[in-house]
Amino acid sequence: MSFLNGSNNTNLEGCRLLGIFAHPDDESFGPGGTLAKYARAGVEVHVAIATDGAAGSVVDGHEDKRNELARIRSEELVSAANILGVRLHRLGYRDSGMKGNPANEDPRAFIQADLEEAIGRIVALIRTIRPQVVLTHDETGGYFHPDHIQCWRITTAAFQAAGDQACYPEIGPAPYQPERLYYTARSKRMVRLFSLIRRLQGQDPKRIGINKDIDLTRLGVPDEKVHASINIRPMWEIKRKASAQHATQGGGRGFFPWMPDLLQKQLFGVETYMRAYPPLPDGSREYDLFPDGCRGGKN
């Protein structure tokens, strides 16, 4: 059995992965275990963050950081990226905030960005880094955050455009088509488990998060749409340490801070994805994002 647990693939020389996410902390709270796992298996892992996170909420005890949140979240991100072992890139947009937040209307906000220009930035990254695998949010953004949905929108379009000579001919280097595109995804079955735990705690699963503005019961994808499962239990402490760097967002406390760490590790020690390209039949399952090693993508 290889280091990647569930894969017979041991040749990851020359492999590159690019994750594109909306906010500082998305890289750790979401696929942090996967990123760390591949980085330690020899994959060159890159992470691009779209926004500065300035419109995000802050947890109790960090209220005094509100006026300099963009700077602090940038520092948190650098620390987390170093722990995960990834190379960091920034797209430089302003955090748009949740739907209805006044930050939505800021002309610098990610959701106000010119789509062609934003897609071009990702095309440039793909053509420069030349990853075989690209990761991003799914079309719901996981919890319907406008920035997450925007990230899905522009990354999907850039994935398709990067290898087309007719698209963005002014953006170098040469066109390059990655082999695979994955979306972060959590199954409806797991979401139902989260909801049950919340109810057993006497909490309303329709009102979670710092601002109680996330309806857990609306989240998740059908179980058969979850195509890839990555065991990240060997990376559990690394993911926790990276998440803890995002202190203003409550990092390090876990989804259920009252739950023993060993139980959290068993319940949440698998990160799951939907394979968008090439598509897979519903119900298919894979356990490695690089099952065939690296062939260099398609030029």
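Analyst: Let us begin with Ser96, which is found in the loop between β3 (87-93) and α4 (115-129); helices (H or I, at least four residues) and strands (E, at least two) are DSSP runs, numbered from the N terminus. This is a predicted model, in which local features need pLDDT of at least 70 and side-chain atom pairs count only at pLDDT 80 or more, while totals for chains, interfaces and linings use all residues. Residues are numbered from 1 along each chain as its sequence is written, and side-chain values use heavy atoms, with hydrogens and water left out.

User: Why is Ser96 called buried?

Analyst: Buried means under 20% relative accessible area, exposed means over 50%, and partly exposed lies in between (1.4 Å probe, protein chains only). Ser96 has a relative accessible area of 0%, and therefore counts as buried.

User: What does Ser96 touch, and which backbone nitrogen lies 3.2 Å from a polar atom of its side chain?

Analyst: Contact means heavy atoms within 4.5 Å, and, not counting residues up to four places away in sequence, Ser96 touches several residues, including Ala55, Asn104, Phe110 and Asp147. The nitrogen belongs to Phe110, at 3.2 Å from a polar atom of the Ser96 side chain; a polar contact is a pair of N or O atoms within 3.5 Å, where, within protein, one must be able to donate a hydrogen and the other to accept it, and residues adjacent in sequence count only if both atoms are side-chain atoms.

User: Is His145 buried or exposed?

Analyst: His145, which lies in the loop between β4 and α5, has a relative accessible area of 5%, so this residue is buried. A polar atom of the His145 side chain lies 3.0 Å from the backbone nitrogen of Asp147, and, leaving aside neighbours within four places in sequence, His145 is in contact with His23, Asp95, Gly97, Met98 and Thr140.

User: What makes Cys167 partly exposed?

Analyst: Cys167 has 25% relative accessibility, and therefore counts as partly exposed. Cys167 lies in the loop between α5 (146-161) and β5 (180-184), and touches Arg127 and Ala161, not counting residues up to four places away in sequence.

User: Why is the pair of Phe194 and Phe268 called edge-to-face?

Analyst: Rings of Phe, Tyr and Trp (its six-membered ring) pair if their centres lie within 6.5 Å, and planes under 30 degrees apart count as stacked, over 60 as edge-to-face and the rest as tilted. The structure holds four aromatic pairs, and in one of them the rings of Phe194 and Phe268 have their centres 5.3 Å apart and their planes at 70 degrees, so the pair is edge-to-face. This pair links distant parts of the chain, with Phe194 in helix α6 (residues 188-200) and Phe268 in helix α8 (residues 261-268), 74 residues apart.

User: How do you know that β5 pairs with β4 (residues 133-136)?

Analyst: Two strands pair if DSSP finds at least two bridges between them, and β4 and β5 pair in the parallel sense over four bridges. One of the bridges has Arg180 in β5 as the partner of Val133. Four bridges also join β5 to strand β7 (residues 270-277), and these two strands run antiparallel, with Thr184 standing opposite Tyr273 in β7.
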